[in-house]
Amino acid sequence: MYDIATLETARHYIRELCHQPAVQEGRRTAPLWVGDATPADTPRPSENTARTRTAALTDAPTRTQEAALQSPGKARAVHAPGSAQAPPPAIVASDKQAPALEKPVKARPQAQRAQQPVRLQQTDAKRLLREAGLTWTSSGKCANRGGPTCTSLEAVRSATVSSAIELKRRSGCPLVVTGGTEVGHAPGPYSHYEGYKLDIKPNACIDRYITKNYPPQGVRGDGARLYGRSATSGPLFAREADHWDILFR
């Protein structure tokens with residue numbers, strides 16, 4: 001049993017508690033009773049009831065925070081009785097920027113390879129020369145590329161054979177090949193062995209044609225006189241002791 005003074009104090013405390021706006025996480029909660037007094041047919045809450053409701057209002061934010069910590073991203077808000085539903089949380093932009101997409105690297109075009117000359121087998125080269133009226137000979141009576149006294153046409157450039165045939169056609173002179181791609185000649189990138197040169201036997205017809213149609217281009221290091229329309233392009237004729245050394249470019 002409580003005395004009158006204690007009951008009045010509890011009643012006054014409950015009235016202030018009910019009329020004071022409850023603030024929970026920035027939201028306003030309606031009072032438990034409207035007006036200065038409760039309805040006549042509603043029993044007034046006891047002191048234990050008031051304490052229970054006060055504890056519920058006080059512990060609500062704590063339960064909400066605990067739920068958020070236990071299940072981040074799936075936390076369910078706990079609302080006090082009679083409170084409005086909370087609006088969805090605002091999306092906070094992250095300070096971290098998304099990694100920039102790498103630009104596709106353009107494939108660099110592959111360097112063009114130097115055009116390799118078309119080379120002929122010996123049988124094909126001889127057939128082409130024979131069909132055009134050219135002949136060949138060797139002091140060693142052989143066609144082995146590894147023999148210095150042989151006359152070989154193995155791996156000769158197709159352009160070299162075509163140029164020799166053209167020289168035969170333009171001059172109208174008999175042409176006899178005495179040197180080809182065999183070893184024993186001076187080395188170099190435009191040498192006999194690389195398929196750029198042929199030796200032909202001199203005769204009055206071809207001597208006259210060369211000296212008349214191709215101006216002198218000086219004297220080579222070994223003393224051979226040079227003839228040609230250019231020192232850097234086109235055929236270049238070198239008059240050696242017993243043959244014409246011809247560079248077909």
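User: Which strands does helix H5 lie across?

Analyst: Helix H5 (residues 204-213) lies across strand S7 (197-200), S9, S10 and strand S11 (244-247), and runs at about 50 degrees to S11. Helices (H or I, at least four residues) and strands (E, at least two) are DSSP runs, numbered from the N terminus. Axes are lines fitted to C-alpha atoms, for helices over the stretch in contact, with angles from 0 to 180 degrees between N-to-C directions. This is a predicted model: local features need pLDDT of at least 70, side-chain atom pairs count only at pLDDT 80 or more, and totals for chains, interfaces and linings use all residues. Residues are numbered from 1 along each chain as its sequence is written, and side-chain values use heavy atoms, leaving out hydrogens and water.

User: What is the order of the strands in the open sheet?

Analyst: Two strands pair if DSSP finds at least two bridges between them. Here seven strands form an open sheet in the order S4-S6-S7-S11-S10-S9-S8, with mixed pairing. Strand S4 (135-136) and strand S8 (216-219) are at the edges with a single partner strand each, so one side of each has no neighbour in the sheet.

User: How do S9 and S10 run, parallel or antiparallel?

Analyst: Strand S9 (residues 225-227) and strand S10 (residues 236-239) run antiparallel, joined by three bridges. Leu226 stands opposite Ala238 in S10. By contrast, S4 and strand S6 (residues 176-179) run parallel, with two bridges.

User: Which residues of H4 and H5 meet?

Analyst: Contact means heavy atoms within 4.5 Å. Leu167, Arg170 and Ser171 in H4 meet Cys205, Ile206 and Tyr209 in H5.
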